[in-house]
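I set out to record what the pockets of this structure look like and which parts of the chain line them. My entries follow.

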Amino acid sequence: MSRSAEEPASPARPRRRDAQRNRERFIAAAQAAFAAHGVDASLEQIARDVGLAIGTLYRHFPTRVDLLLAVFEPKVQKFVETAEHALAMDDAWEGFCVFLEALFGMQAGDRGFNDLVSMRFPASERTEAMHDRLYQLLEKILHRAQEHGVVRPDITEADIITLVWANGRIIEATSHAAPQAWRRNLHLMIDAFRAENRHELPEPPLTGEQLYAAMVHLSG
């Protein structure tokens, strides 16, 4: 009698369940680590937190970017839905403010998300597609508010991204002492974006090429 007849092979399903469970544990640990320490959080520590070897983590997520995407794609999708809602609002100014509040609120609660929206990872097609989608929504919301005459016409998408960078440092400095301090700075800047408050600015905005290069530099 053949070996297969005497001794049936163990079913693969339990191993698949174990692998899925391990994957979910890695994602949960990475969510906490990235939120606390940013996208450069130690992968070795994430594996230790799960109680598995770093090699097991790499079998599930061959690169850091793969793990970042597994952690943040659901959060980015939730933000995209909020942005689409803001774009559909009747009041263009209110939609613009809702978009900024949502963006900076998510940034304040998660250092990893802050890093992700502040940087570019040109070697990853998936992160590039994600950033392009977010940028397109930002562009539509900003241009709609400008067309309605409520946001000053010289504001560009790059001005919003540089505000994201500045807000990241404010969050870093104040999160323990005054976790809502970022909202004051955001609303000061929202006032500065109003069309009726416009004054000439001493410098031109960053070009698209300059903005992209700066975001790549931050990820280096």
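For the classes used below, I count Ala, Val, Leu, Ile, Met, Phe, Trp, Tyr, Cys and Pro as nonpolar, Asp, Glu, Lys and Arg as charged, and the others, Gly among them, as polar. I note that the model is a predicted one.

Entry on the largest pocket. I looked up its volume and found about 490 Å³ of space. The lining of the largest pocket consists of 24 residues, and those nearest its centre are Arg111, Asn114, Asp115, Gly168 and Glu172. I then listed the elements that contribute two or more residues to this lining: α2 (13-37), α6 (92-109), α7 (111-118) and α9 (157-174). With six residues, α9 gives the most. Sorted by class, the lining of the largest pocket holds nine nonpolar, nine polar and six charged residues.

Entry on the second largest pocket. I recorded a volume of about 260 Å³ for the second largest pocket. Its lining comprises 16 residues, with Val117, His131, Leu134, Tyr135 and Ile161 the closest to its centre. Two or more lining residues come from each of α6, α8 (125-147), α9 and α11 (208-219). Here α8 gives the most, with five residues. By class, I found twelve nonpolar, two polar and two charged residues in the lining of the second largest pocket.

Key: Residues are numbered from 1 along each chain as its sequence is written. This is a predicted model: local features need pLDDT of at least 70, side-chain atom pairs count only at pLDDT 80 or more; totals for chains, interfaces and linings use all residues. Side-chain values use heavy atoms; hydrogens and water are left out. On a 1 Å grid over the protein atoms alone, a cavity is a set of points where a 1.4 Å probe fits but cannot get out, and a pocket is an open set with protein on both sides within 12 Å along at least five of seven lines; lining residues have an atom within 4 Å of a point. Grid points are joined across faces, edges and corners, and a volume is the space filled by probe spheres set on the points. Helices (H or I, at least four residues) and strands (E, at least two) are DSSP runs, numbered from the N terminus.
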